[in-house]
Amino acid sequence: MLSKKYTFLYLQSFLLLNFSILFLPLVTAQRYPFNLSEASRSLPHIDGKSSNAEYLYTTAGNRLYCIGNQGGAFPPVGFHVPGEMGGIWQQPIKLMDGFGFAVKTMPGGKSYTPACDGFTGYSFATKFHYSIAGENIAVTQTQFVPDDLPVLVVEYKIQNTSNQRKQIEFDLHADINLLPVWLAEKINLKDGEDTLASYNKNSHVLIFKDGLNKWYTGLGFENSHARFKEIKKTPCKGKGLTAIITLQYNLAAGSAEYFRFYISGSTANSNGIVKNISRVKNQLPFLFEQKKKRYRTIEQTATIKVPDSLLQTAYNWGKYITDWLQRDVPRLGEGLSAGLPDYPWFFSNDQASTFMALTGTMPPRLFYNSFRFLKDISDKTNDSSGQIIHEVSDNGVVYNKGNMQESQLHIIAAWQIFKWTGNRKFLKENYAFAKRTWTWLQQYDTNHNGYIEGYGGVEIEGLDDEMLDVQVNTYRFLDVLGQMAIIFKEDELAKEYAAKATQLKNNINKDWWIESEHCYADFRTTKVKALRIIDDALAKRVNPERNKWAQVKLNKLKTSILNNTYASNGYLVYYNASILDPVTEGMTDTARALQMIQQASFFTNKFGTYIAGIERPDDVTIDERAFQKDSTFTYNRAVMPAASSGLIQAAARYGMPDTALKYMHQTLNTFSYATPGTMYEVSPDYGMFVQAWNISCLNIPLIQYFFGVNPDAYNKEITIHLQMPVQWKEASLKNLLVGSTKLSVDYKKQNNQITCNIQSSEPGWKIHFVTSTKPVKMIVNKKNIFPQKLVVELTGTSNTVVYTTDNK
């Protein structure tokens, strides 16, 4: 077998001997009536900051996506496949490490690899601006991925900005690297040496193949005067290669030429690549307009207008980001990936949490498809026990069979989806699954005290006994199960589930409350293990020079346990964000709730809430800057929008919209901090630069609390309970999807008079309009009424409610 060195020499000899077949026909350069550079101008966009060139971006479609940095490079990023999570991925394989270009002035001039002058993120495209100082040459690079087709389109606009003709050579460098996704070794997939496989002279497509597998990368060229120049050893790590394609331009003064190329791949053969590239090449204007039209529909669905431009912009970009993360992986399924670059596959907890924030804002097809394939994979992995998996890679390999609360969240989210859609068939499938889940869960109450044991969402080593978030989600799960049983007329079961839920809620408030801390416990366990967990926290999460307060607290706790003066049933060690869960879910009385919400401010900085409050520094300002990374990826010291979401919802649930808005704005301090349009997984700039569940910080408080929409689509009923921030004098919500209708709510406030217009696109819906206090005066559809309750019943497709309160 030839060594890698001699393989490349052989390839180069082959190319030199057969160079003529690799030339694309030379014709006069053509100007295109359609180009991405101009077409993208009308899209919503945010410009990147020049100081953020090293931060990542994505150009994404549901079948293929590209990740590089805003400086136009493709650095090695990621930890799941170390250094390989960027580049161009067509799950379940990677196609390329990236691409770049160089410009050489002719004849015999200097070669330039220009630095990027500016980056712009669009709703579904990306653009880079380059210039060559002293040469009056500008290059605009625009990228786009069409819907349902695994093709990345890259367009270069090459412009002569001088008043003289210029001759240049433009070299495209394409770094091929065919590679399997994470956990490939579990199914015995090995990466082979990449080689040039073929060149299709009719379609102008170069095909590269992995030496051990049927993995292919294709490069297609639209400009017919491009030619394949050479192949080189890749400068990137791995078993790839670099192909160089060159073009020569004779640019008139002030003129511009366009060069487009296309990237696609396959796990079967090269025919599909040629077909897909050909289709995109021939239909590019149509495919761009088609995606633009779909995004217009996204924008017009659940449209919100509020007197807060930053919040409104972030809400809109949350819709775009959700679309970027949708994945349709052949032979696996369609769902919402968790985040980029390292979580481009499927998690049950991420999807459940995110879907509960997405209901009403998008058609439910994604929910249905995702739930179906997650249950199918879970049944195969867990022997149909009712346990939902935690995480599955895009090659179908399950990494974690599932933590305790994930199975509960799956069903809780299913119930919310049902409430918003009224889809009885969907509910029936999930009710049957939920019964199996309950049987499975009960096996983990080994001491029969009503508390499920095992890891929950707090993935800290050792916290696998009785965790607060698991118990709260058990309560929610049982409550939902009881409501499902009512729908299917299983009345005795409904009573049983409801009774268990009520008993569990009461027990949580009795057994988990620590009066001395005015807070719920993180966990319950044995005295011996509690001491071990405290020592571990002191060793790994406490630094006297950073969080002295935590050292004092934990040592005091440890002393009280050792001298047998500790009186509580649970232990508060990590101050996890989940200690607020009983408040977020409305399980506690108002006095405790307000107390906890007030105390929670201690565990926040200007970016939001610490996921493990123990790591809050004595001086929070030391964390109010770019995140100080560890040598390996960890969530230590993490402030996360996911943690802030619980606090925001808790405040909104207990009638504190202004407090909720304050914490929403803490998370918004990270919006576009690093990548235009996104909030990082860890604030302000660490972890996943695109993270699905971050939208729960905005969508849930806005739609479900401020506008107060709570639907029962199955019975064609909607409850609306407005709780707007005091300073908001007007706000509107248009085309919210509830079952078969579209709901619109228009709110105006003048002094102490509120006017609310409510529109339903379909007749036959009943609206329960709720006020927080009994109005002094109320006019419904121009008629004075005297409501005896805080609820007014509305029918018809259009209603106007005007009421006066005692509060201004």
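**Asp210.** I looked up Asp210 in this predicted model and found it buried (under 20% relative accessible area, with exposed being over 50% and partly exposed in between; 1.4 Å probe, protein chains only), yet without a salt bridge. A salt bridge here is a side-chain nitrogen of Lys or Arg within 4 Å of a carboxyl oxygen of Asp or Glu. The nearest side chain of opposite charge is Lys209, 5.9 Å away; Lys and Arg count as positive, Asp and Glu as negative, and His and the chain ends are not counted.

What does the Asp210 side chain reach instead? I get the backbone nitrogen of Gly192 at 2.9 Å, plus a polar contact with the side chain of Asn213 at 2.8 Å. A polar contact is a pair of N or O atoms within 3.5 Å; within protein, one must be able to donate a hydrogen and the other to accept it, and residues adjacent in sequence count only if both atoms are side-chain atoms. Asp210 sits in strand β13, residues 205-210. Strands (E, at least two residues) and helices (H or I, at least four) are DSSP runs, numbered from the N terminus.

**Ground rules.** Residues are numbered from 1 along each chain as its sequence is written, and side-chain values use heavy atoms, with hydrogens and water left out. As the model is predicted, local features need pLDDT of at least 70 and side-chain atom pairs count only at pLDDT 80 or more, while totals for chains, interfaces and linings use all residues.

**Salt bridges.** I searched the whole structure and got 29. Glu38 pairs with Lys157, closest N and O atoms 3.9 Å apart. Glu38 is in helix α2 and Lys157 in strand β10, so this pair ties together parts that are 119 residues apart in sequence. I noted Glu38 as partly exposed at 37% and Lys157 as buried at 12%.

Arg476 pairs with Glu585 at 3.1 Å. This one links helix α9 to the loop between α13 and α14, 109 residues apart. Arg476 is buried, at 15%.

Glu492 and Lys495 meet at 3.9 Å, N to O. Both lie in helix α10, three residues apart, about one turn of the helix. Glu492 is exposed at 60%, and Lys495 is exposed at 55%.

I also logged a network of salt bridges linking Asp147, Lys291, Arg294 and Asp323.

**Helix α8.** I checked residues 424-442 last. Among the buried residues are Phe426, Tyr431, Trp438 and Trp440. At the start of α8, a side-chain oxygen of Asn423 reaches to within 3.2 Å of the backbone nitrogen of Lys425.

Definitions and conventions
The expected span of a helix is 1.5 Å times one less than its number of residues.
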